[in-house]
Amino acid sequence: MAYRPSHKFKKTLLGGGAVVVLMSLNAPAAISFAEDKYHAYRIAQPGYKAAYGSWEVLDVPEEYRTNAIHAALLHTGKVLLIAGSGNNQKKFDAGTFDTVLWDPADNSYRKIPTPEDFFCAGHSQLPDGRLLVAGGTARYEVLDGKVDRAGGGMRVKNESPDKARTFKKGTRFRSPSGVEYVSKFDVTVPKAKRDFSISYAAGGRMLPWRTKVTAGEARVFVEAVRKGPEALTTQAAQYEIVGLKGKDADNTYGLAQKLTTEKQDFQGIKAAYEFDPVAERYIRVDPMREARWYPTLVTLQDGKVLAVSGLDDVGAVLTGDNELYDPATKKWSKGPTRYFPTYPALFLTKGGKVFYSGSNAGYGPATAGRQPGLWDLRTNVFTKVGGLSQLDRTETSASLVLPPAQDQKVMLLGGGGVGESSKSTARTAIVDLKADSPAFRPGPDLPQGTRYLSSVIMPDDTVFTSGGSSDYRGRGASDILKAQFYDPRTNTFSKAADPTVGRNYHSEALLLPDGRVATFGSDPLFDDPDNTKLGTFEQRVEVFTPPSLQGDRAKGRPVLGEGPAELDQNGRATFRTEDPERIATARLMRPSAVTHSTDVEQRSIDLGITRRDGSVTVDVPSDPTLVPPGWYMLFVTDEDGVPSEAKWIQVRNDLKARN
């Protein structure tokens with residue numbers, strides 16, 4: 001549909017400045033000014049909004065503006081925006097960590113005391129509605145050429161079986177040549193394990209007991225006390241702990257092989273917390289077994305959470321030491337071993353296997369862990385899934401389980417080269433995991449090569465995608481101010497209204513309970529096309545209202561009335577409604593927990609519907625691998641795809657199995 005400005009608008013635009021415009025007819029600035037004015041007029045028209053939707057930048061009070069690194073929707077309807085130190089070295093050094101709780105219902109805000117630096121942590125929705133937040137930042141990176149003291153990982157050994165040892169930050173380790181290094185964090189070394197064994201001589205005579213002692217071990221990052229080349233070493237050596245004497249000195253010591261001035265990457269923490277949406281506070285739980293920075297956390301069918309990948313406490317990508325969190329005991333245990341690059345996109349599939357789409361973010365070699373596949377956690381067998389083109393451009397791509405989840409199709413969209421590569425791709429691809437031999441097939445291309453794309457499942461089974469940039473972190477003013485809808489039924493994209501705020505690295509988008517989409521964050525490397533002005537973090541919040549909620553359609557949307565907050569033992573729930581025959585579909589939608597283009601939580605499940613006079617009953621599948629336990633939004637839509645506002649409902653993992 002074409003939109004033309006009215007005579008009055010033309011007069012307003014051109015009348016007062018006609019002389020100026022005519023005098024500078026060939027000036028690009030004047031042309032750009034006129035185009036911007038016309039664009040602003042055009043997108044404000046009701047017909048345009050009805051066709052493409054509309055955007056609104058919210059008025060966020062200055063004291064609540066934050067560097068939103070993570071965004072999670074809670075079952076209270078509020079959105080948790082986690083910054084931690086927000087990629088700000090000064091805030092990290094000052095111990096200033098931020099979390100803001102936003103209520104989209106009335107656009108109110110509240111600051112939440114933040115006990116750790118959750119910058120680049122992982123998060124997952126728990127069965128009781130709490131949000132598990134684990135990992136984060138122990139130390140910021142130091143780039144090549146900026147490291148002036150030799151440093152690296154020190155393995156601290158404890159050969160005493162009698163007690164664990166804790167060494168505070170600042171403990172000194174002395175090399176055989178007398179060079180001293182200081183620890184940058186507290187470290188607790190477990191006591192040694194004592195194993196007894198019996199052996200027998202020839203003829204069956206029992207020999208005396210033999211005792212084997214296995215030293216306890218922990219790792220800590222150390223740095224040379226003094227600058228200079230004498231602290232550099234690539235030779236393995238044993239280091240005494242300064243201040244220890246006698247047996248303590250004999251039993252406890254450090255081992256290191258490589259202490260250099262090479263680039264030092266970000267380092268992770270082990271801390272884990274649950275955020276309570278009702279009390280609106282963080283609650284400490286047992287720390288992880290491994291420190292993690294850039295990890296992925298994914299909820300499994302039994303409500304446990306799998307934590308995968310991340311940079312460890314010395315800044316190295318974990319080689320496959322994954323772990324499981326049990327929300328019943330608040331403790332962690334060893335998980336199946338498998339290497340992935342950081343922030344891998346992992347999705348629970350029907351049957352209980354975990355699918356790795358190939359999407360990831362940030363860290364890991366280009367030659368390892370990039371191949372998509374199905375991971376059987378019970379047998380720890382990984383089956384590769386082929387067919388994906390441009391496998392070298394999956395970093396910073398988006399991926400999701402297409403709606404409805406029963407179809408078991410996963411889509412990957414865009415992406416770029418490893419690290420600071422300028423490569424990007426418009427490629428999308430779809431895999432049907434129900435096929436006998438699953439393989440990716442090409443989908444429709446995006447309008448252009450895109451990294452950091454946001455993708456959000458809508459109540460009408462479309463996928464709303466927006467933002468991103470064509471180059472690394474928006475370099476060269478490459479933010480993409482475009483949005484579109486993907487329809488899985490037709491396998492096509494259609495235009496949506498253009499956002500006004502650019503979103504690249506460290507940006508998020510999620511579906512709100514009222515059916516709108518909120519977007520946050522963006523962390524450009526530079527703020528100008530010539531890459532000369534360092535970037536500033538985008539703190540504006542912009543909300544998209546889809547075409548289905550414009551004008552008269554918004555006023556006449558379906559309404560779900562009174563109903564339960566959880567399913568009955570048969571997995572059903574009944575809600576009052578004035579016009580049950582108008583309801584065409586019902587979807588159970590898991591709330592997002594998103595960061596770094598990675599949202600492994602969101603999914604939409606098709607529900608059975610039974611209509612009666614004055615009510616509608618929805619029937620939820622009993623398979624927990626399809627519907628993991630937790631809180632969900634229940635949306636119903638009419639035949640035109642107009643959604644209701646969501647009702648929150650809890651799915652437990654103790655439902656009776658049904659045929």
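**Pockets, cavities and overall fold of a predicted model**

**View 1. The largest pocket holds about 1,100 Å³ of space.** In this predicted model, local features need pLDDT of at least 70, side-chain atom pairs count only at pLDDT 80 or more, and totals for chains, interfaces and linings use all residues. Residues are numbered from 1 along each chain as its sequence is written, and side-chain values use heavy atoms, with hydrogens and water left out. Of the 35 lining residues, Asn87, Glu141, Phe266, Arg473 and Leu525 are the closest to the centre of the largest pocket. A pocket is an open set of points on a 1 Å grid over the protein atoms alone, with protein on both sides within 12 Å along at least five of seven lines; lining residues have an atom within 4 Å of a point. Grid points are joined across faces, edges and corners, and a volume is the space filled by probe spheres set on the points. The lining of the largest pocket splits into 16 nonpolar, 11 polar and 8 charged residues. Nonpolar covers Ala, Val, Leu, Ile, Met, Phe, Trp, Tyr, Cys and Pro; charged covers Asp, Glu, Lys and Arg; polar covers the others, Gly among them.

**View 2. The second largest pocket has a volume of about 730 Å³.** Its lining counts 29 residues, with Phe185, Asp186, Ile269, Lys270 and Ala271 closest to the centre. Strand β16 (216-224) is among the elements that supply at least two lining residues each, as are β8 (137-139) and β20 (272-276). The largest share, 4 residues, comes from β16. By class, the lining of the second largest pocket has 17 nonpolar, 4 polar and 8 charged residues.

View 3. A cavity is a set of grid points where a 1.4 Å probe fits but cannot get out. Ser454, Ser455, Val594, Ser597 and Asp599 lie nearest its centre, out of 14 lining residues. Two or more of the lining residues come from each of β30 (398-401), β34 (454-457) and β38 (507-511). The lining of the largest cavity has 5 nonpolar, 7 polar and 2 charged residues. The structure holds 9 cavities of 30 Å³ or more.

**View 4. The protein has 7 helices and 48 strands.** Helices (H or I, at least four residues) and strands (E, at least two) are DSSP runs, numbered from the N terminus. The C-alpha atoms fill a box of roughly 100 × 70 × 45 Å along the principal axes. Buried residues, under 20% relative accessible area (1.4 Å probe, protein chains only), make up 54% of the 659 residues.

How values were computed. Buried < 20%, exposed > 50% of the residue type's maximum accessible area, 1.4 Å probe, protein only.
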